[in-house]
Amino acid sequence: MKFFIKTFGCQMNVNDSEKINHILSDREMERTKEVEDADIVIINSCAVREKAQEKIFSFIGRLDQSQKIVVSGCVAQSEKDLILKRNRKVDFVVGTHQFYGMNEIIDDFLLKNLKGTNTTLSKEWSEEVPDIYSRENRFTGFISIMEGCDNFCTYCIVPFTRGREKYRPYRNIFDEAEYLAENGFREIVLLGQNVNSWKDQKEGVSFASLLSRIAGIEKIKWIRFITSYPGYYESELIDVMKQNRNIARHIHFPVQSGSTRILKKMGRNYTREQYIQIISKFKSEIPEIKFSSDFIVGFPGESDRDFDLTLSLIEKARYDSLFSFIYSPRKHTKAASIDDNIPAEVKKKRLQLLHELQKNIQLEAHGGLVGKELEVMVTGNNMKREGELLGRTESYKIVTFPGNHKPGEFVKVTIDSFGPHSLRGLEVI
Ligand code: SAH
Ligand code: SF4
Ligand code: F3S
């Protein structure tokens, strides 16, 4: 039997798909890259915005009648009934905490031509998911350290799709990091919706000390963590970063809005000023540090003045990169009951203004990198130009350059040209 996995959404889902892949490969099912060849199609879904959710429905619509279909992930968790109602073809709906039962789903349902669902949310961290599993990517290892979120930002569906925060025990995380280091991985990314609230109470380990212990593992070149919530910042983190050069000098630090009034409505527990203070403190202690961020535009009640505050925050922070989204009302959330009073054109215009500003900031920053030597981790071939490689810098910038190296190798590149979204250069020999 052959299976195909389609993954939508964030790194959490990518990581869960790798685990599903591991479970199925273990029973000698073959993974196929062509959806038409698959007997079983697994769709690992994302519910964060309406558009993301709609994607799975159109994907299902294109599948063959004879294929078995399993929907997993965040839409599976939050919209089980809707999925079954809209798509008679779907055979099983499995929630975010239950995919480790994929073998039973196949044996007890799919192979018996039965339909079913399982969307129970667990209260504890589940070690039924294999700790160490075969990964597609052989040089960047994602390690989930927690699941769920307790913040309940008023616009966000994640606490409803991933449940309450559950922390993975320190030992398991450390062992997995060590295993990855021994097996040739050079970059580790600690994953969670809200990583800085991670702790292991039994062992008395905080998030900062987890980082410091992982940084002590030999051979790991870059340690990253996503996503940090600006409301729980600790100075211990700065100290640990200063002491360990292998913690990447880049933090994804989503602020969502530059207006304290809107932040309050969003249920984010920090002000514009506090956020600026935190990033200034990082920059003064670690001058080479870079930040990236997420923004939502058009949150209900966002005035021109609020939006101007967002633009001015972007100018102040001078992010290396950012992601921005038009507000999308989500089921279960508090904000969904507030009147979404901003016309679609205004939202689009604001998004466009934000993009333009950030594009100019990136062009300016990239211009300043010409002639500089940057360390780049090779990620693969540049499909657009033969003989060229693609790589990423410590702050996640894309670099293209001619050369011949394997993914995962670190190379020094002198930058000679640039665009708003990437850099080009020549290898330093
Ligand atoms: N845990 C992370 C991000 C989770 S979702 C954090 O707290 O930052 C990723 C991003 O999607 C968010 O940062 C936010 O910018 C965006 N997002 C979440 N819900 C949204 C919604 N209802 N409409 C538009 N964007 C949303
Ligand atoms: Fe969603 Fe907020 Fe939790 Fe991030 S911190 S996952 S935006 S509720
Ligand atoms: Fe989407 Fe779920 Fe991630 S909603 S962004 S896949 S946690």
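This is a predicted model: local features need pLDDT of at least 70, side-chain atom pairs count only at pLDDT 80 or more; totals for chains, interfaces and linings use all residues.
**View 1. Overall fold of the chain, with 13 helices and 21 strands.** The radius of gyration is 22 Å, close to the 22 Å that the globule rule gives for 429 residues, so the chain is as compact as a globular protein of that length. Taken along the principal axes, the C-alpha atoms fill a box of roughly 60 × 55 × 50 Å. Buried residues account for 54% of the 429 residues, and of the contacts with a separation of 6 or more, 72% are made by residues 24 or more positions apart. The chain exposes about 19500 Å², of which carbon and sulfur atoms supply 50%.

**View 2. The shell of residues around ligand 2.** This shell is formed by C149, N151, F152, C153, Y155, C156, V158, P159, Q193, Y229 and R268. Sorted by class, the shell contains 8 nonpolar, 2 polar and 1 charged residues.

**View 3. The salt bridge between R86 and E54.** The side chains of R86 and E54 meet with an N to O distance of 3.2 Å, and the pair links distant parts of the chain, since R86 belongs to helix 4 (residues 80-86) and E54 to helix 2 (residues 50-61), 32 residues apart. R86 is partly exposed, with a relative accessible area of 42%, and E54 also counts as partly exposed, at 30% relative accessibility.

**View 4. The salt bridge between E187 and R224.** In this pair the closest N and O atoms are 2.6 Å apart, and the residues connect distant parts of the chain, with E187 in strand 10 (residues 187-191) and R224 in strand 13 (residues 222-226), 37 residues apart. E187 is buried, with a relative accessible area of 0%, and R224 likewise counts as buried, at 4% relative accessibility.

**View 5. The salt bridge between R245 and E394.** The side chains of R245 and E394 meet at 2.9 Å, N to O. R245 lies in the loop between helix 9 (235-243) and strand 14 (250-252), and E394 in the loop between strand 18 (388-393) and strand 19 (398-402), so the pair ties together parts that are 149 residues apart in sequence. R245 is partly exposed, with a relative accessible area of 46%, whereas E394 counts as buried, at 16% relative accessibility.

**View 6. The network of D16, E147 and R162.** These residues, D16, E147 and R162, are joined into one network by salt bridges that share partners. The count for the model comes to 23 salt bridges.

Definitions and conventions. Residues are numbered from 1 along each chain as its sequence is written. Chains are lettered from A and ligands numbered from 1 in the order in which they are written. Side-chain values use heavy atoms; hydrogens and water are left out. A residue is near a molecule or strand if one of its heavy atoms lies within 4 Å of it. Ala, Val, Leu, Ile, Met, Phe, Trp, Tyr, Cys and Pro count as nonpolar, Asp, Glu, Lys and Arg as charged, and the others, Gly among them, as polar. Helices (H or I, at least four residues) and strands (E, at least two) are DSSP runs, numbered from the N terminus. The radius of gyration is taken over C-alpha atoms; the globule rule is 2.2 Å times the number of residues to the power 0.38. Buried means under 20% relative accessible area, exposed over 50%, partly exposed in between (1.4 Å probe, protein chains only). Contact means heavy atoms within 4.5 Å. Accessible areas come from the Shrake-Rupley method with a 1.4 Å probe; for residues, only the protein chains shown count as cover. A salt bridge is a side-chain nitrogen of Lys or Arg within 4 Å of a carboxyl oxygen of Asp or Glu.
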